Amino acid sequence: MSLIFNVKVALFEALRGLVPAGVQCTFAERGQSDRRRQIWLGATVDEELEPVAMRAGPRKPTAVTGYVEAHAVVIVPGDPMAAERGAYELRELVADACRAVDRAAVAGLVDLRPESSSVETAETTDGAYSALTVRVRVRGRTTT
């Protein structure tokens with residue numbers, strides 16, 4: 001099922017165009033936390049594949065519901081409130097990127113929107129650290 005992957009690519013392109021200077025935006029996790037503000041896309045899940053019509057032939061219309069996870073990290077020396085505020089700012093960027101994706105450019109895409117998010121903030125000897133995960137729901141229709 002390439003619909004979810006195609007949506008992930010379109011979301012990444014939209015996100016890249018929206019992130020301000022000083023925020024590193026990558027398609028996948030780099031495995032390093034050397035940037036003060038970074039955002040990347042994580043797991044994709046095809047959660048529900050449901051046939052929507054009975055038709056002769058090998059390819060059947062299918063409703064697809066899946067998810068793309070967006071992750072972000074904000075590190076601010078000694079200020080956990082500023083770190084968490086930065087995480088919420090990046091959450092809004094993900095929502096803006098969802099709205100910016102051209103649905104007509106991704107074959108089969110019906111809807112794309114943030115479904116849930118979580119923010120975790122901690123203070124360490126290296127500074128305040130806030131981690132964000134946004135679960136973006138993807139709905140579409142394809143033939144399989």
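**Close-up views of the sheet, its helices and the cysteines**

**View 1. The S4–S5 pair.** Strands S4 and S5 run antiparallel and are joined by 14 bridges. Two strands count as paired if DSSP finds at least two bridges between them. Strands (E, at least two residues) and helices (H or I, at least four) are DSSP runs, numbered from the N terminus. Thr-124 sits opposite Gly-127 in S5. This is a predicted model: local features need pLDDT of at least 70, side-chain atom pairs count only at pLDDT 80 or more, and totals for chains, interfaces and linings use all residues. Residues are numbered from 1 along each chain as its sequence is written, and side-chain values use heavy atoms, with hydrogens and water left out.

**View 2. The whole sheet.** Five strands form an open sheet in the order S1-S2-S3-S5-S4, with mixed pairing. S1 (24-26) and S4 (109-124) are the edge strands, each pairing on one side only. From one strand to the next, the twist averages 20°. Axes here are lines fitted to C-alpha atoms, for helices over the stretch in contact; angles run from 0 to 180 degrees between N-to-C directions.

**View 3. Strand S3 and its two partners.** How many residues of S3 are buried? The count is 14 of the 16 in S3 (residues 61-76). Buried means under 20% relative accessible area, exposed over 50%, and partly exposed in between (1.4 Å probe, protein chains only). S3 runs antiparallel to S2 (residues 37-51), with 12 bridges between them. Gln-38 has Val-73 of S3 as its bridge partner. S3 also runs antiparallel to S5 (residues 127-143), through 16 bridges. Here Thr-65 stands opposite Arg-139 in S5.

View 4. Contact means heavy atoms within 4.5 Å. Helix H2 (residues 80-100) lies across S2, S3, S4 and S5. H2 runs at about 15° to S5.

View 5. A disulfide is a pair of cysteine sulfur atoms within 2.5 Å. By this rule, the count is zero. Cys-25 is in no disulfide: the nearest cysteine sulfur, that of Cys-98, is 13 Å away. Cys-98 is likewise in no disulfide, and its nearest cysteine sulfur is that of Cys-25. Are these cysteines buried or exposed? Cys-25 is buried, at 15% relative accessible area. Cys-98 is also buried, at 1% relative accessibility.
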